[in-house]
Amino acid sequence: RWSPSVELEFELLCSPVSELRLAAGCDVLTLVEVVEHLDPPELQRLGAALLGRCAPRALIVTTPNKEYNLNLMVTCSEEARGGAACRGRGGAGLTLDEVRARSRRGQLCKGCCTYTSLLSGAPPPPHAHYPLRNKDHRFEWTRAEFRAWAEGLAAEHGYSVRFDGVGGGAWDEERQPGAPCHGPGPSSQVAIFERPGLREQM
């Protein structure tokens, strides 16, 4: 438990993540919404640098859940039924902020809504059509892609890994009755890497 009377020391480091130099065996490292900003070569070196060289007792990684972006995408149900094309349609990649702006300008029709609020039961578009949340993101992973990446790192470096989510639905959200697909899950997904025996030591 932290107290204001306790003096904390810190060191500011500036380097590529893969070149990070820390004393081996530190308690916890966190990467909060970082990995999606890394180019492929840097991402490839990440596991060896953090789980291999730094070898923390635990590593917590969060990254956007691409499936959740369905909540930010808009379609026009009138157009889907064969009606006149909506002037503000802009394709399946129209984001919620863009929809609000176009709605204020009167460019959207009454049939425009987010995919997750549709009652038609139409399946969502392929994940490849989902927009990225930030222009600096190199990628965004589905839960299956994130799990495959994290479990691969854990196996390679002798860690266990478990998953959770932040915001939105549960990490393991299931298909609702009558829904065309399982739920989009949490806004951000979390991987918690732990060295074997960590919980017994706590």
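Are Phe-146 and Phe-163 buried or exposed? Both of them are buried, and buried here means under 20% relative accessible area, with exposed over 50% and partly exposed in between (1.4 Å probe, protein chains only).

What we have is a predicted model, in which local features need pLDDT of at least 70 and side-chain atom pairs count only at pLDDT 80 or more, while totals for chains, interfaces and linings use all residues. Residues are numbered from 1 along each chain as its sequence is written, and side-chain values use heavy atoms, with hydrogens and water left out.

Back to our two phenylalanines. Phe-146 and Phe-163 form an edge-to-face aromatic pair, at 6.0 Å centre to centre and 75° between the planes. For pairing, rings of Phe, Tyr and Trp (its six-membered ring) need centres within 6.5 Å; planes under 30 degrees apart are stacked, over 60 edge-to-face, and the rest tilted. Phe-146 sits in helix H4 and Phe-163 in strand E5 (residues 160-168), so this pair ties together parts that are 17 residues apart in sequence. Helices (H or I, at least four residues) and strands (E, at least two) are DSSP runs, numbered from the N terminus. The structure holds five aromatic pairs, and one aromatic cluster is made of Phe-139, Trp-141, Phe-146, Trp-149 and Phe-163.

Trp-149 takes us on to the core. The largest nonpolar core has 26 residues, and Trp-149 is among those with the most contacts inside it, along with Leu-46, Leu-50 and Phe-193. By nonpolar core I mean a set of buried Ala, Val, Leu, Ile, Met, Phe, Trp, Tyr and Cys residues joined through side-chain atoms within 4.5 Å. Strand E1 (28-32), helix H1 (40-54), E2, helix H4 (143-157) and strand E6 (186-194) each give this core at least two residues. Leaving aside neighbours within four places in sequence, Trp-149 is in contact (heavy atoms within 4.5 Å) with Val-35, Leu-43, Leu-46, Val-61 and Trp-141.

Now, where is Thr-62 found? Thr-62 belongs to strand E2 (residues 58-64), and at 11% relative accessibility it counts as buried. Its side chain makes a polar contact with the side chain of Glu-33, at 2.7 Å. A polar contact is a pair of N or O atoms within 3.5 Å; within protein, one must be able to donate a hydrogen and the other to accept it, and residues adjacent in sequence count only if both atoms are side-chain atoms. Not counting residues up to four places away in sequence, the residues that Thr-62 touches include Leu-31, Val-34 and Gln-189.

Let's finish with charges. How many salt bridges are there? The count comes to seven, where a salt bridge is a side-chain nitrogen of Lys or Arg within 4 Å of a carboxyl oxygen of Asp or Glu. One of them joins the side chains of Arg-143 and Glu-67, at 2.9 Å, N to O. Arg-143 lies in helix H4 and Glu-67 in the loop between E2 and strand E3 (74-76), so the pair ties together parts that are 76 residues apart in sequence. Arg-143 is buried, at 6%, and Glu-67 is buried too, at 8%.

Helix H4 also holds Glu-151 and Arg-147, four residues apart, about one turn of the helix. They form a salt bridge with the closest N and O atoms 3.3 Å apart. Glu-151 is partly exposed at 37%, and Arg-147 is partly exposed at 33%.
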